[in-house]
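User: Hi, I've got a protein to look at and I'm new to this. Can we go through it together?
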Amino acid sequence: MVPAGDVLVGQHAVSLADRAPRPGYFRRPRALRSERRTLGSWLMLPVNAAARLYAMTWNPFDAFFEAVMWREPKKPGEPFHGGWDSMAGHLARAIVPRTRNSTAVMLQLTDRRLQLVYVSRARSFTGVRGPVEVGWVTELRNVTYVRDRSDVVGGDHEIGFVDGSWCSVHFWGHGWSRMASAFPVRLSHLDPIPG
């Protein structure tokens with residue numbers, strides 16, 4: 001999914017960092033619209049609904065008590081800076097797209113741009129993989145730095161943009177350090193955020 005004339009420098013599977021805020025359902029972009037829902041996806045609907053119900057806190061007193069009395073110490077650094085309409089906000093929203101089936105999100109870095117690619121994990125009965133499409137794209141000149149945040153969680157990185165916003169992402173799987181080293185400006189967690 002690399003545009004003609006661009007050279008692929010690095011690519012890796014990416015998700016939002018655990019501590020980063022999640023965009024609401026309707027803020028997330030629709031992806032892979034041409035794809036049909038698979039049988040496995042239909043069968044997982046009740047399982048996902050049960051998991052959401054199980055995760056809910058039904059007693060408001062318990063929720064208040066936990067919020068006031070049982071605060072965990074904050075980890076160093078903010079996971080997200082800028083609103084949902086900032087460049088980092090657009091990246092955060094694009095990392096969690098609305099799709100009919102399970103989707104892998106790949107971050108690709110070329111010599112000219114940074115982009116997200118959606119890869120369907122669904123297979124048809126014939127064994128053919130589902131569609132692939134490019135989601136979010138920005139020119140590389142809009143990315144000011146990538147900052148290693150493995151002091152918080154291994155694989156976490158902040159990606160900073162020219163508008164002053166940043167978003168914490170997680171490169172998961174083997175080889176995430178190679179992806180971070182492909183960016184032109186790399187910072188450690190000890191380096192201050194460029195102002």
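Predicted model: local features only at pLDDT ≥ 70, side-chain atom pairs only at ≥ 80, totals over all residues.

User: OK. In what sense do strand 6 and strand 9 pair?
Analyst: They pair in the parallel sense, over two bridges. Strand 9 covers residues 186–187.

User: And what stands opposite Val146 in strand 7?
Analyst: That is Ile159. Strand 6 and strand 7 run antiparallel, and five bridges join them.

User: Let me zoom out. How many helices and strands does the chain have?
Analyst: The chain has four helices and nine strands. From the N terminus on, the order is β-α-α-β-α-β-β-β-β-β-β-α-β.

User: How much of the chain is buried?
Analyst: Of its 195 residues, 36% count as buried. The accessible surface of the chain is about 11900 Å², and 58% of that belongs to carbon and sulfur atoms.

User: What about contacts between residues at least 6 apart in sequence: what share joins residues at least 24 apart?
Analyst: The share is 64%.

User: New topic. How many salt bridges are there in the whole structure?
Analyst: A search finds six. One of them links Arg113 with Asp6, with the closest N and O atoms 2.6 Å apart.

User: Where do Arg113 and Asp6 lie?
Analyst: Arg113 is in strand 4, residues 113–120, and Asp6 is in the segment before strand 1 (8–16).

User: Is Arg113 buried or exposed?
Analyst: Buried, at 18% relative accessibility. The cut-off for buried is under 20%. Asp6 is buried as well, with a relative accessible area of 10%.

User: Which residue does Arg93 meet in a salt bridge?
Analyst: Arg93 meets Asp85, at 3.3 Å from N to O. Arg93 is buried, with a relative accessible area of 17%. Asp85 is exposed, at 65%.

User: What is the relative accessible area of Glu158?
Analyst: Glu158 has 0%, so it counts as buried. Arg147 is buried too.

User: What is Glu158 in contact with, leaving aside its neighbours within four places in sequence?
Analyst: Its contacts include Glu78, Tyr145, Val146, Trp166, Cys167 and Ile193.

User: Now rings. How many aromatic pairs turn up?
Analyst: The search finds three. In one of them, the ring centres of Tyr25 and Phe26 are 5.1 Å apart and the planes are at 90 degrees, so the pair is edge-to-face. Tyr25 is partly exposed, at 44% relative accessibility. Phe26 is exposed, at 73%.

User: How are the rings of Trp136 and Phe161 placed?
Analyst: Their centres are 6.2 Å apart and their planes are at 85 degrees, so this pair is edge-to-face. Trp136 lies in strand 5 (residues 132–139) and Phe161 in strand 7, so the pair ties together parts that are 25 residues apart in sequence. Both Trp136 and Phe161 are buried.

User: Last one. Where is Arg178?
Analyst: Arg178 sits in helix 4, residues 176–181. At 62% relative accessibility, Arg178 counts as exposed. The C-alpha atoms of Arg178 and Gly10 are separated by 7.7 Å, although these residues are 168 apart along the chain.

Technical notes
Residues numbered from 1 in each chain as written. Heavy atoms only, no water. Salt bridge = Lys/Arg side-chain N within 4 Å of Asp/Glu carboxyl O. Buried < 20%, exposed > 50% of the residue type's maximum accessible area, 1.4 Å probe, protein only. Contact = heavy atoms within 4.5 Å. Areas by Shrake-Rupley, 256 points an atom, 1.4 Å probe, with all protein chains shown as cover. Pairing = 2+ DSSP bridges. Phe/Tyr/Trp six-rings, centres within 6.5 Å; stacked < 30°, edge-to-face > 60°.
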